[in-house]
Amino acid sequence: MLLKSTTRHVRIFAAEMDKDDLIPSNQVLTLDIDPDNEFNWNEDALQKVYRQFDQLVEASSGEDLTDYNLRRIGSDLEHYLRSLLQKGEISYNLSSRVTNYSMGLPQVVASSNQ
């Protein structure tokens with residue numbers, strides 16, 4: 001049985017990728033970030049998410065691999081993505097097919113008319 005956690009912007013699978021197939025595994029977690037391309041990403045922001053994911057997985061090492069534990073990691077990553085958005089490290093992709101601002105309204109810098 002394939003264990004997984006699916007949030008709006010994060011999907012975690014207890015599986016390995018083999019070409020386009022997921023092979024269930026109790027040893028490997030596969031992370032899919034922002035599958036709907038709702039955000040604009042740069043390499044630095046992506047690497048921060050991967051490092052955060054690694055830290056969360058490491059913190060839960062020794063615990064059973066369960067749906068609950070995967071959902072907890074996914075939820076923590078969602079909060080981390082929100083913090084990146086609020087800091088301006090990622091932004092909404094306004095060309096995305098989905099523009100529902102699920103992490104809050106976009107920040108707009110007020111222009112100064114002098």
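The protein chain holds two helices and seven strands, taken as DSSP runs numbered from the N terminus (helices are H or I, at least four residues; strands are E, at least two). From the N terminus on, the order is β-β-β-β-β-β-α-α-β. This is a predicted model: local features need pLDDT of at least 70, side-chain atom pairs count only at pLDDT 80 or more, and totals for chains, interfaces and linings use all residues. Residues are numbered from 1 along each chain as its sequence is written, and side-chain values use heavy atoms, without hydrogens and water.

The C-alpha trace spans about 60 × 30 × 25 Å along its principal axes. Of the 114 residues, 32% count as buried (under 20% relative accessible area, 1.4 Å probe, protein chains only).

Now the helix pair. The axes of α1 (residues 43-59) and α2 (residues 67-87) come within 10 Å and cross at roughly 150°. That makes α1 roughly antiparallel to α2 (angles over 145 degrees). Their crossing is right-handed. On the α1 side, the contact (heavy atoms within 4.5 Å) uses Ala45, Lys48, Val49, Gln52, Phe53, Leu56 and Val57. From α2 come Ile73, Asp76, Leu77, Tyr80, Leu81 and Leu84. These residues divide into 10 nonpolar, one polar and two charged.

The largest nonpolar core has 21 residues; such a core joins buried Ala, Val, Leu, Ile, Met, Phe, Trp, Tyr and Cys through side-chain atoms within 4.5 Å. Ile12, Leu31, Val49 and Leu77 have the most contacts inside it. Two or more residues each come from β2 (10-13), β5 (30-33), α1 and α2. The largest share, seven residues, is from α2.

Which residues does Val49 touch, not counting those up to four places away in sequence? They are Ile33, Trp41, Leu77, Tyr80, Leu81 and Leu84.

Conventions
Axes are lines fitted to C-alpha atoms, for helices over the stretch in contact, and angles run from 0 to 180 degrees between N-to-C directions. Angles under 35 degrees count as roughly parallel, over 145 as roughly antiparallel, 65 to 115 as roughly perpendicular and the rest as oblique. A crossing is left-handed if the near helix is turned anticlockwise from the far one by less than a right angle, and right-handed if clockwise. Ala, Val, Leu, Ile, Met, Phe, Trp, Tyr, Cys and Pro count as nonpolar, Asp, Glu, Lys and Arg as charged, and the others, Gly among them, as polar. Buried means under 20% relative accessible area, exposed over 50%, partly exposed in between (1.4 Å probe, protein chains only).
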